[in-house]
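Q: I would like to learn how to read the features of a model like this one. Could we take them one at a time?

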Amino acid sequence: MPSLRKTTVTSLALLSLTTLQNASGFSPSSLVPSVVTSSSSRSSGSTTSSLSVDVEQRLNTNSFIGPHKIILDHSRTAIASTSQDLTEDVYQSYSEESRRYRRTVFAHEDWVRHRSSNRFFRRLITFGDSGIYKSLFKEVLTTTSVAAFIVVWNMLFGGYQDFQSVTHNGPFHDSVIPILALPLAPFTLASPALGLLLVFRTNTSYKRWDEARKNWGMNINHTRDLVRLGTAYYDRAAVSPERAEEDLRRLALNTWAFVRCMKRHLSPVWEDEDDFQKELKEKLPLEQAEKIIAAAHRPNRALQDLSTSIENLPMHFMRRDEIHAAATIFEDNLGSSERLLTSPIPVFYSRHTARFLSFWLLLLPFGLWGPLGDSWNHVNLIPAMSLLSIFLFGIEELATQLEEPFTILPMQGFCDKIYNWCMEIVSFKPGDNGMPVYYYDNYNIDGGAEMSYERKYSENTPSFPQSIETSAYAELTSTQTESQTYTQTKTQSFYLQ
């Protein structure tokens with residue numbers, strides 16, 4: 001029996017030490033710093049990478065000249081090295097790689113499955129497939145190893161139970177080294193504060209994601225609105241059908257080019273640059289595409305091209321100004337998105353939350369040693385710490401993943417839909433569905449004040465009964481004659497102003 005007890009204790013000790021050695025970054029003197037660094041780096045890594053790439057793009061432009069060139073050459077080298085290190089680190093990170101698979105777009109079938117009564121069972125059986133939990137492997141392994149170490153330590157220096165549940169003193173029970181345990185009260189008192197930190201962290205991160213999604217929702221709405229107005233207001237009588245088709249196609253392409261440039265502007269260079277250049281060269285004239293690619297701020301260049309295409313549309317200047325107002329909203333959405341990308345939640349808040357959570361979970365096994373004493377050799381401490389670590393570290397990981405929202409938004413899907421919708425809208429022609437089209441020309445290029453009435457039909461438009469046409473035209477002519485003097489006076493007053 002003594003040899004069996006010694007064999008049991010030795011086996012558990014070897015198992016615990018092996019687990020500790022396999023924990024990434026673990027050593028008795030560096031356990032806490034390893035976990036803290038891992039958690040805090042997740043809250044600031046993506047922003048640092050984006051800023052480095054953004055500065056590198058500016059350094060590659062010709063806007064820096066004069067005596068600063070030598071300094072900038074050294075800066076370019078340093079930033080390029082930093083960006084390369086960050087890029088390599090990103091490609092090796094599971095949490096970063098899995099972000100592209102979180103760009104969810106729901107249809108009706110997805111909502112039915114999402115609210116199904118079987119959702120809880122599905123979530124439980126796919127527990128091991130969670131990307132959030134997989135990305136927390138190092139943190140969970142570390143806290144679980146601490147729990148296993150405490151169990152083995154206290155068996156050696158305290159007491160243990162054999163397989164027949166008989167209690168025995170440990171091999172070093174008589175030494176002056178005590179067992180490892182703490183009262184649970186400090187953890188109970190600290191729990192509300194930790195909960196507040198995590199709640200604020202997750203709520204703020206979700207607000208950032210929600211604002212980014214609303215910005216893209218505004219992009220979708222106003223791209224359709226802008227192209228619709230351009231198509232409806234376009235004066236087809238002033239130009240040839242070929243010119244009208246070319247102008248409206250250019251309007252649609254430049255509208256898409258802006259949102260595509262915005263998507264690239266908000267995406268990592270290593271993920272989107274090649275696809276971005278390929279798409280622009282395929283859909284835009286080559287010279288225009290190269291000018292956009294070479295620009296220091298590509299969305300601004302694309303928005304300038306869009307403004308030029310709006311100015312080229314033949315229509316009344318007041319209608320053109322209305323279309324420009326729709327385009328101005330794009331600049332607001334871009335500025336709001338840039339603010340989200342370059343300004344994270346204050347990093348000292350994120351770091352403090354990560355440190356608080358790390359210390360709390362690393363020390364919690366000491367506090368749970370006593371309350372979990374009813375289990376065999378307190379072994380329940382190990383799975384309990386594993387689950388607690390997964391769920392609590394998971395809350396912090398969720399907040400970190402949401403904090404930078406653009407690489408988990410389906411921006412490419414948005415851009416593709418905008419392209420399809422814009423090209424479809426400009427393909428619509430007045431009267432192509434058999435609907436009669438009326439043109440009220442209340443302006444004159446020469447500055448005249450006469451108001452003329454013209455009624456046009458397409459070839460597919462059925463003609464109205466003659467009596468209806470005659471009465472409608474007679475009524476309009478009478479109204480025009482009565483209001484001609486008033487219209488001239490108001491229009492002349494308008495032009496004098």
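Q: Is Trp376 buried, exposed or partly exposed?
A: Relative accessible area decides the class: buried means under 20%, exposed over 50%, and partly exposed in between, with a 1.4 Å probe and protein chains only. Trp376 has a relative accessible area of 29%, so this residue is partly exposed. The model is predicted, so local features need pLDDT of at least 70 and side-chain atom pairs count only at pLDDT 80 or more, whereas totals for chains, interfaces and linings use all residues. Residues are numbered from 1 along each chain as its sequence is written, and side-chain values use heavy atoms, with hydrogens and water left out.

Q: How many aromatic pairs does the structure hold?
A: Rings of Phe, Tyr and Trp (its six-membered ring) pair if their centres lie within 6.5 Å; planes under 30 degrees apart count as stacked, over 60 as edge-to-face, and the rest as tilted. The structure holds 14 such pairs. One of them is the stacked pair of Phe163 and Trp376, with 5.8 Å centre to centre and 20° between the planes.

Q: Where in the chain do the two residues of that pair lie?
A: Elements are DSSP runs numbered from the N terminus: helices are H or I with at least four residues, strands are E with at least two. Phe163 is in the loop between strand E1 (159–161) and strand E2 (167–169). Trp376 is in the loop between helix H15 (347–368) and helix H16 (381–403), so the pair links distant parts of the chain, 213 residues apart. Phe163 counts as exposed because its relative accessibility is 56%.

Q: What kind of pair do Trp256 and Tyr419 form?
A: Their ring centres are 5.7 Å apart and their planes stand at 70°, so the pair is edge-to-face. This pair also links distant parts of the chain: Trp256 is in helix H10 (residues 241–265) and Tyr419 in helix H17 (residues 411–427), 163 residues apart. Trp256 is buried at 0% relative accessibility, and Tyr419 is buried at 19%.

Q: Which charged residue lies over the face of Tyr419?
A: A charge sits over a ring if NZ of Lys or CZ of Arg is within 6 Å of the ring centre and within 35 degrees of the ring normal. Lys283 lies over the face of Tyr419, at 3.9 Å from the ring centre. In another case, Arg224 lies over the face of Trp421, at 4.7 Å from the ring centre.

Q: What does Trp421 touch, apart from residues up to four places away in sequence?
A: Contact means heavy atoms within 4.5 Å. By that rule Trp421 touches Ile220 and Arg224. Trp421 is in helix H17 and is partly exposed, at 29% relative accessibility. Between Trp421 and Trp256 there are 165 residues in sequence and 9.7 Å in space, C-alpha to C-alpha.

Q: Which residues have a positive phi although they are not glycine?
A: Ser165 has a phi of about 65°, and Asn377 one of about 55°. Ser165 is in the loop between E1 and E2 and is partly exposed, at 48% relative accessibility. Asn377 is in the loop between H15 and H16 and is buried, at 4%.

Q: Where is His378, and is this residue buried or exposed?
A: His378 is in the loop between H15 and H16. At 16% relative accessibility, His378 is buried. Leaving aside neighbours within four places in sequence, His378 is in contact with Val151, Trp369, Leu372 and Gly373.

Q: At what angle do helix H13 and helix H14 pack?
A: Axes are lines fitted to C-alpha atoms, for helices over the stretch in contact, and angles run from 0 to 180 degrees between N-to-C directions. H13 (residues 298–311) and H14 (residues 317–342) pack at about 175°, with their axes 10 Å apart. H13 is therefore roughly antiparallel to H14; under 35 degrees counts as roughly parallel, over 145 as roughly antiparallel, 65 to 115 as roughly perpendicular and the rest as oblique.
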